[in-house]
Amino acid sequence: APVSSAADEEIEKPKTLQKLLKEYEHRRWLPTASITAKSVLLGYLETGQKGFLSKFRDAFFFVAGKVGIARKVFLDSATPKV
């Protein structure tokens, strides 16, 4: 019978596809939830009614574009993190 050593016992078993998918889902949940929430807010602002909301929207996007917030919001969760 083969003799097992401590080194053999420490070898990690291969992960199942279900476990790998769960780990991926856990890693990606926050970035995808973040980009979804941002798109909901921005979509609401973009389709606002006339009056105060449309003036606020126009001012918001003008300022956000000038100070770089728009770039950060759009690229934050879309940029792969290594």
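The legends below describe views of a predicted model.

**Figure 1. Overall fold of the predicted chain.** The chain contains four helices and zero strands. Read from the N terminus, its elements follow the order α-α-α-α. Of the 82 residues in the chain, 10% are buried.

**Figure 2. Span of helix H2.** Helix H2 covers residues 17–46, a run of 30 residues. At 1.5 Å a residue, helix H2 should span 44 Å. The C-alpha atoms at its ends lie 41 Å apart, which agrees with that expectation.

**Figure 3. Bend in helix H2 at Arg-28.** At Arg-28, H2 bends by about 40°.

**Figure 4. Nonpolar patch on the surface.** The patch is formed by Phe-62, Val-63, Val-67 and Ile-69. Together, these residues have about 400 Å² of accessible area. Helix H3, residues 52–67, contributes the largest share of the patch, with three residues.

**Figure 5. Val-63 within the nonpolar patch.** Val-63 is located in helix H3 and is one of the residues that form the nonpolar patch. Is Val-63 buried, partly exposed or exposed? Its relative accessibility is 47%, so Val-63 counts as partly exposed; this class lies between the cut-offs of under 20% for buried and over 50% for exposed.

Note on methods: Residues are numbered from 1 along each chain as its sequence is written. This is a predicted model: local features need pLDDT of at least 70, side-chain atom pairs count only at pLDDT 80 or more; totals for chains, interfaces and linings use all residues. Side-chain values use heavy atoms; hydrogens and water are left out. Helices (H or I, at least four residues) and strands (E, at least two) are DSSP runs, numbered from the N terminus. The expected span of a helix is 1.5 Å times one less than its number of residues. The bend at a residue is the angle between axes fitted to the seven residues ending there and the seven starting there. Buried means under 20% relative accessible area, exposed over 50%, partly exposed in between (1.4 Å probe, protein chains only). Patches are made of residues with over 30% relative accessible area and no salt bridge: like charges are joined within 9 Å, nonpolar side chains (Val, Leu, Ile, Met, Phe, Trp, Tyr) within 5 Å. Accessible areas come from the Shrake-Rupley method with a 1.4 Å probe; for residues, only the protein chains shown count as cover. A salt bridge is a side-chain nitrogen of Lys or Arg within 4 Å of a carboxyl oxygen of Asp or Glu.
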